[in-house]
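Here is a short briefing on one helix and a set of charged pairs. Keep the structure open while reading.

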Amino acid sequence: MFFDAASKGMFNRQELRNRQRRELAEAFNQFRASNPEATLEDFQSFIDQMSGGGLGSNYVRGGAPSREVLERVASENAQRKTRRLQQEAAADLRSRAEDMGYYQGLADRAVMGMTGDDFDSAYKNFLSGLGPNAEQVLNGMNLRNRFTPQVRDQLMNDRLRQLFPEINNYLGTIGYDVNRINGADIARIFNVPESQAGIFVEAAQTQARMKLHEFTTANNSAILDVARRAAEAGDGPDGAEAAVRNFLLNSPYAHLAETYNYGPIREQAERIVQQRKDDAQLAASQRQAGMEQAWEESQTLQEAWQVGDDQRALETMLRIARSRLTDADFQAMYGVSRDQATTETFRPVLNDMTASRRARQDAQYGTASRELEGRLTEANRNFVSGNQERLTEILKANLPDDQVAEMIGYQIGSTHYAGPRTAQAIFQITSGEEFQNFAKENSSNPAAIIQYLRQEMEAQGLSSDIEQARTQYINQQRDSLGLYERQEFGDWFNQETADLEADLQTARSRYDAMLSAYGENPQLLAQELMTLMNEVRGAHQSRVSEMDRRRTSATDWVYWNSGGFDREAVERDIVGRSQAETTQLLQLLQGAITNAQARAAELAQNPPVVGPTVDTPSETRSPVAGAVGDFVTDVYGVGIDIRGAANYANRGGAVGTIMTPLYGLGREIYEEGFLSEAENARREGVREWTGTNFDRLQEYGRLLQQGGQSGVYRQMIQDIGTMSSEALERKYGPALTTLARDRQLVIPN
């Protein structure tokens, strides 16, 4: 029985704890719903109060959420409270600021009540009077523009119109005596600052004179008519006064001639004369504006002016001017009569118009240039560092110490641009036995190695050209975006044809130099010629694209009145000549490439037998820097083509490495600033794929070239520059796998 009682008691206590736990859970939910902004401390205090501290309290507490849940709910409540307070504060500020007319009225009263002309201080005092939250309350109202002389004058004019009846009453009390009107009385009577009372004084004086004038008119209409006729006849104030005096002397009231107040008569005459002048000047200005508007709207004039056909432009200007201006206008504006004017009369005007238009073109170019400079700033800064990194990678291939290679790359890369010729020369120098021995002997003296390398480079005619390359790079970016410096068409055309001739001559010279330098190495010669062919093709394509951009943007960059854009000359002497000579050069290069590939294949089948030598034992050769042929194949051949296509394709041909102005420099800046999001994503995927498969791709490319499959090789490089990583894997993945597994070369479909 005792066991039964104990069991029953334990069961009852368990039921009690379960009930308390459920009750705590329900109570907590009710507390949470009733207190949406409760804090963690509020929750904890409620749980402590409900669960107590006796035996079993820990179990009861289990009905409440965990500490993590409480912290999350408390955090949400805190955010809710913050949002509520912010919304209440914003609503309060908006409710105070909704009636903008109220605050504008306060501002206007402050403007009208200020003394002096310190509008900045007046505005600050106005804000101070609204309290510490004034700027927040007035956000978006821009009441500062109410504190200006113009607004104050307008407000005073409005006040003046409102007070006009009272001003008339005031004038009646002083008998419309102009001499009795003063600023102090006006300020006191009409409650305006004395410093601002001038406009009211002038209005009162004018009103007084007008009343006196009305009185005179009502009693002396004949006198007024005489004065007005004299003024309108052009006799002026003196003539008007003389006419009235004469009229009075010949009337029964001749004695009034000596005591009559001629002041209003003279003022009226002055106003009439001035109004006639103003009307005439306004009419002349309107005619001139109409003429200039007609000039601007005349397509004949605009076309002739733009291309520099001065005679036709001047004839059009003269014809329009004669149809718009009077003879007096011609005399006032050009110093000749309407009939005496000739086309030369308008030449100074045309010159001024041309100077103004060119200045506007220069200003537009300056603005666009500064905007582009901002976009290219980062790429410009990274130009040298990227150049140094490229040279460092070349040096690491032939220097055992990477740190020394980095020091040399930093020094040489700061003065010499790592173009193909320079990079190849550096690799050849550093892979030679003489340099290798010198580098070993001076491994602790990088300065000596740098001096040695500079001397060797100078001996090969490689001068410091980093600044020139950087400037060319920036200019290429400007041109690619159609941002051209404003100039006369003739100057540009002459320079462009000279540049074309120089580029073609350079390509021919490089072709001759390659035949001479690599004649004994047909494999190297073929690859160098293919590189040159791609450059020549890319240069022509770039020139054609630029000519099209030049044509479409000619109204921006060709100075007005300088001949316009001669499309026929450009098509004939630049595009046409470039096409013709590029075609001839490409045929020449293709023939030389075919011949070199044939000789390379023959040498591969029948290599020359070379006996052992004493001074160049094979065991002393570096596996990386042993031969120029290996260098071209591994560093400047397949590997560079793959990396170039992955990084810089679509910039002038199938192989983008050599042709792009962004060759190895500022790629990230270029992609972020000028490429679409989809193209960036494609390039990232291709770079990852080529990086993963680089060794197999490089070997596969060399085997294609050595096996006479140069067309397949070029197609692969083009695919890397245009296809996605998924498409590349589908097309070339099986061939690369077969090469790695079975050592077989498979041509993809």
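Asp185 counts as partly exposed, because its relative accessibility is 24%. The model is predicted. It holds 26 salt bridges.

- The side chains of Asp185 and Arg188 form a salt bridge, 3.2 Å from N to O.
- Both residues sit in helix H9 (residues 183-190), three residues apart, or about one turn.
- Glu546 and Arg550 form another salt bridge, with their closest N and O atoms 3.4 Å apart.
- These two lie four residues apart in helix H25, about one helical turn.
- Glu546 and Arg550 are both buried.
- An α-helix has 3.6 residues a turn, so residues three or four places apart point the same way.

- Glu535 and Arg510 form a salt bridge, the closest N and O atoms being 2.4 Å apart.
- Glu535 is in helix H25 (residues 522-552) and Arg510 in helix H24 (residues 489-517), so the pair ties together parts 25 residues apart in sequence.
- Glu535 is buried at 15% relative accessible area, whereas Arg510 is partly exposed at 31%.

**A network**
- Salt bridges link Asp238, Glu241, Arg245 and Arg266 in a network.

**Helix H19**
- H19 (residues 402-413) has 12 residues and spans 15 Å between its first and last C-alpha, close to the expected 16 Å.
- Its buried residues are Val404, Ala405, Ile408, Gly409, Ile412 and Gly413.
- They fall within an arc of 145° seen down the axis, so they line one face of H19.
- The face turned away from the buried side carries exposed Gln403 and Tyr410.
- At the start of H19, a side-chain oxygen of Asp401 comes within 2.9 Å of the backbone nitrogen of Gln403.

How values were computed: Residues numbered from 1 in each chain as written. Predicted model: local features only at pLDDT ≥ 70, side-chain atom pairs only at ≥ 80, totals over all residues. Heavy atoms only, no water. Expected span 1.5 Å × (residues − 1). Buried < 20%, exposed > 50% of the residue type's maximum accessible area, 1.4 Å probe, protein only. Arc of directions from axis to C-beta. Polar contact = N/O pair within 3.5 Å; in protein donor to acceptor, adjacent residues only side chain to side chain. Salt bridge = Lys/Arg side-chain N within 4 Å of Asp/Glu carboxyl O.
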